[in-house]
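Trainee: I would like a close look at a single part of this model. Please take the aromatic side chains and go through them in order.

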Amino acid sequence: MDRDDLELMQAIRAQGSLAGAGLALGVVPSVITKRLGALEARLGQRMFERTTRRLSLTTEGEALCLRADSLLDGFAALETELSERQDALNGTLRLIATFGFGRRWVGPAIAAFQARHPGLRIDLHLTEQLPDLGAEGFDGAIWLWSGQSRHASDWVTRRIARNQRVLAAAPSYLDRCGLPADPPALAGHECLVTRENANALQRPVDLWSLRHSRDGSTARVRVGGALASNSGEMVRDWCLEGRGIMLRSLWDIAPQLASGELVRVLPQYAMPDADIHWIAPWRPKTPRRVRLLIDHLVEAFRSEPWKVETAAAPKPARRGAKATPARRPRAPPG
C-alpha cells in the first residue's frame with residue numbers, strides 16, 4: 001500500500017462515488033475502478049460495498065480511511081518541514097519591547113538571531129506602552145506581561161523566562177535607617193516608587209504585593225516616600241545613592257546586587273508578576289521565521305542570565321534599627 005492508495009480511499013469516501021473520485025483525482029472512472037479492485041485484491045478484503053445506486057464503506061474500509069487521514073497528514077507535515085529546512089529565512093519581523101529590557105537583553109538576542117539568518121530584516125521598537133499588536137502590524141512583543149490590556153483576549157502568549165521584582169536598597173541607606181523586619185514595616189521607610197506603565201486599569205504603583213518564596217503567602221503594603229519617577233533608571237540611580245528602598249526587576253539590578261552596591265531587602269519576598277513573555281496577535285498559522293525566533297529567545301534566556309549570586313542584606317545595626325521605624329528617615333544632604 002502506498003500514498004496513492006490512501007489518497008484514492010479518501011477521494012472515494014469524500015465524493016461518495018467512483019465517478020466523483022475520478023473527477024477529484026483527474027482520472028477517468030475506469031481507472032478508479034481498476035485501482036480500487038487492485039487494492040482490495042492485495043488486502044484480501046472489500047473496502048466498499050457497491051450497488052448500482054449506493055456506495056458505502058465496509059468496516060475494514062472505515063478503519064483504513066481513519067488511518068489514512070493521520071498518515072497523509074503526517075506526510076504533508078514532513079514535506080513542509082523538509083521544505084522549510086531547505087529554505088533560508090527571509091522577510092521582515094516587526095517586534096516591540098520595553099525600553100530597559102529591550103535595550104539590555106532583547107537587542108543583543110535579536111541581533112544574534114539576525115546574524116544567523118542574514119536574509120531577515122528585523123525592526124525592533126522600544127516603548128513603555130503595549131499597543132494593539134495586530135492593528136499596528138507587529139509580529140509580537142517581548143514583554144514583562146501583566147495580561148490586563150483590553151486586547152489580551154486577542155493575543156497568544158508564551159513564557160520565555162522567569163523573572164521577579166525584588167526589594168533592594170543601598171548599604172548606606174540601611175546603615176542609616178535600619179532594615180524593615182517584615183513587609184508592613186516598609187510603610188515606615190522611604191520607598192522609591194516607579195510609575196512606569198501606570199494607568200487607571202492597573203493596581204496603584206504604591207501598593208506593593210509581595211509573595212513569600214516558601215509558603216506562598218501574600219503581603220500587601222502601601223508605601224510612600226519623597227521621590228517617585230516614571231523612569232525606572234532614575235529610581236535605580238536614587239536607590240544607589242541611598243535615598244530609599246525600591247522594587248525592581250532582577251534583570252535590571254543583577255550587576256549591582258552581585259557587586260554589593262545594592263543588597264536585597266526582605267529577600268524571602270518578591271513580586272512574582274515580572275516573567276518575560278512572548279505576546280503575539282492570534283493567527284491561524286504562525287510563520288516559520290516567528291516560530292524560530294521564539295525558540296531562539298527561549299534558548300537565549302533559558303539560564304536566566306540576569307540571575308546571579310547576590311549580596312544578602314546585612315543584619316540591622318543594634319543602634320536605632322527598628323522593625324517599624326516611628327518616623328520616615330530624612331534624605332541625606334545634597
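Are F101 and W251 buried or exposed?

Mentor: This is a predicted model, and in it both F101 and W251 are buried. Their rings form an edge-to-face pair, because the centres lie 5.3 Å apart and the planes meet at 75°; planes over 60 degrees apart count as edge-to-face. The pair links distant parts of the chain. F101 belongs to helix α5 (residues 99-116), while W251 belongs to helix α8 (residues 250-259), and 150 residues separate the two.

F101 has another ring partner, W306. Here the centres are 5.8 Å apart and the planes are again at 75°, so this pair is edge-to-face as well. W306 is buried, as is F101.

These residues are part of one aromatic cluster, made up of F101, W105, W251, F301 and W306. In the whole structure there are five aromatic pairs, among them F101 with W251 and F101 with W306.

Notes. Residues are numbered from 1 along each chain as its sequence is written. This is a predicted model: local features need pLDDT of at least 70, side-chain atom pairs count only at pLDDT 80 or more; totals for chains, interfaces and linings use all residues. Side-chain values use heavy atoms; hydrogens and water are left out. Rings of Phe, Tyr and Trp (its six-membered ring) pair if their centres lie within 6.5 Å; planes under 30 degrees apart count as stacked, over 60 as edge-to-face and the rest as tilted. Helices (H or I, at least four residues) and strands (E, at least two) are DSSP runs, numbered from the N terminus. Buried means under 20% relative accessible area, exposed over 50%, partly exposed in between (1.4 Å probe, protein chains only).
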